[in-house]
2 protein chains.
Amino acid sequence: MINSKIPQATAKRLPIYYRYLGILYNSGKKRISSTELAEAVKVDSATIRRDFSYFGALGKRGYGYDVKSLLDFFKKTLNQDKLTNVALIGVGNLGHALLNYNFHGSNNVRISAAFDIDDRITGTIQSGVPIYPMNEMKEQLVEQQIEVVILTVPSPVAQRVTDELVTAGIRGILNFTPLRVNVQDGVRIQNVDLTNELQTLIYFLNHVDQPQASTK
Amino acid sequence: MINSKIPQATAKRLPIYYRYLGILYNSGKKRISSTELAEAVKVDSATIRRDFSYFGALGKRGYGYDVKSLLDFFKKTLNQDKLTNVALIGVGNLGHALLNYNFHGSNNVRISAAFDIDDRITGTIQSGVPIYPMNEMKEQLVEQQIEVVILTVPSPVAQRVTDELVTAGIRGILNFTPLRVNVQDGVRIQNVDLTNELQTLIYFLNHVDQPQASTK
DNA sequence: GATATGTTGTGAAATAATGCACTTTATGCT
DNA sequence: AGCATAAAGTGCATTATTTCACAACATATC
């Protein structure tokens, strides 16, 4: 296993490559050049070659990359060769949509348990996933050996729930709440903030991509 | 209006600052130092000061930043002082959740129209938003002068729908599909890829934050 | 087998972002 | 009023990331 430093920026692009390689493979394509890939994933071809090179010499000069073996390589690298069970904390609006969202299918990840406080839904099974009450959270996470959770609780309780998750031995949190929660070292937070994304887009539209330059 | 170059990295942090300032203001706090802010938003204090300094001298040495005036400044900068109407394209799983998602409230953005092909829902009003059929999309977008859309259609139709959006004069797309869609110059895409986020998180867990170092 | 072609892998330059550490200046206390 | 303290603003070194441009090498062709 290549353990030497992979730049963060590279690591974040790996899933993009992986997904597109899957599409290519399904369409029957046998080989791909960095230039062709570049166009599809909107990343400069030199960046792609550099990214790949961190993992060794994956291509052949004058030929390109073999789709199948590159796909297999990234499958392993991204741990998509084995199933990862994750839990969903908070089955509200967004949580509910994520239960139905087809993570599994393009992705070897399964939501195997969900948790909520609302006793109208706890004890039921939604989209094939059992909903447990919050007071069973720690117990279930430990028992099911779940290390990754998706956090979609209301922000006022985000920190409290997070603390509980950490004591349950969780190592990664995909955080949909707008709060930058505190965790001890060794727990990884990946923030997804929909409001931010929208505001950033609007900011760029009004300040960078101005249709007519406004100097005043 | 400050028009000089604001670094991308800075621009992406502005909504984070803005949100936290709102929280501070509501809690009655009058002033804040960069160090204090740094802790809450998990950004180095020097980076915060640098970020702010691109917009001029917003603070007072020895005192810090005045919460109210900083909040007002960012409100203007992020165009949150006026309402932005956006459209939602594709009312499936995720789309439906976003209709209910409280963009409005912490955020001066309103979903004022939605579009779908399913004639069981077109013509109805969901969560206060009228759902139009796809063949009225262009017409409605032009008429309602909508420039920003949230794209939550199935990926096989993503490019086709995007082309239509561009001819309708759309300037910004918050793209939830996994495809890197093609648009002409001047149209901004902001990609949000939930599968990627999850895969990236899992990658980091297995390769960077290893609980016990595996050298082999 | 030699030659032409295509495309990788990478040294090195360019660009971008971060963060240290210090100067400057405002505030608040005595 | 003067002094101690706090914290912004910033020059600069460092680190990270991107991109150019080319040598190296595999493949295909004649």
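Predicted model: local features only at pLDDT ≥ 70, side-chain atom pairs only at ≥ 80, totals over all residues.
View 1. Residues are numbered from 1 along each chain as its sequence is written, chains are lettered from A and ligands numbered from 1 in the order in which they are written, and side-chain values use heavy atoms, with hydrogens and water left out.

View 2. In chain B, the side chains of B:Lys82 and B:Asp81 meet in a salt bridge, with 3.8 Å from N to O; B:Lys82 is partly exposed at a relative accessible area of 47%, and B:Asp81 is partly exposed at 38%. In chain A, A:Arg120 forms a salt bridge with A:Asp118, where the closest N and O atoms are 2.8 Å apart. A:Arg120 is exposed, with a relative accessible area of 68%, whereas A:Asp118 is partly exposed, at 23%. Over all chains, the count by this rule comes to 14 salt bridges.

**View 3. The interface of chain A and chain B.** The contact, meaning heavy atoms within 4.5 Å, takes 68 residues from chain A and 68 residues from chain B. About 6,500 Å² is buried between the two chains, 60% of it given by carbon and sulfur atoms; this buried area is the accessible area (1.4 Å probe) that two parts lose on being put together, summed over both. The rule finds two salt bridges across the interface, and A:Arg19 and B:Asp193 meet through their side chains in a salt bridge of 2.6 Å, N to O. On the side of chain A that touches chain B, at least two residues each come from several elements, including helix 1 (8–26), strand 7 (148–151) and helix 8 (194–207), where helices (H or I, at least four residues) and strands (E, at least two) are DSSP runs numbered from the N terminus. Helix 8 of chain A supplies the largest share of that side, 14 residues.

**View 4. A:Ile150 and the largest nonpolar core.** The largest nonpolar core has 49 residues, of which A:Leu98, A:Ile150, B:Ile150, B:Leu194 and B:Leu198 touch the most other members; such a core is a set of buried Ala, Val, Leu, Ile, Met, Phe, Trp, Tyr and Cys residues joined through side-chain atoms within 4.5 Å. Leaving aside its neighbours within four places in sequence, A:Ile150 is in contact with residues including A:Leu98, A:Phe103, A:Phe176 and, from the other chain, B:Leu198.

View 5. Chain A has eight helices and nine strands, and its C-alpha atoms fill a box of roughly 60 × 55 × 35 Å, taken along the principal axes. Of its 216 residues, 49% count as buried.

Conventions:
Buried < 20%, exposed > 50% of the residue type's maximum accessible area, 1.4 Å probe, protein only. Salt bridge = Lys/Arg side-chain N within 4 Å of Asp/Glu carboxyl O.
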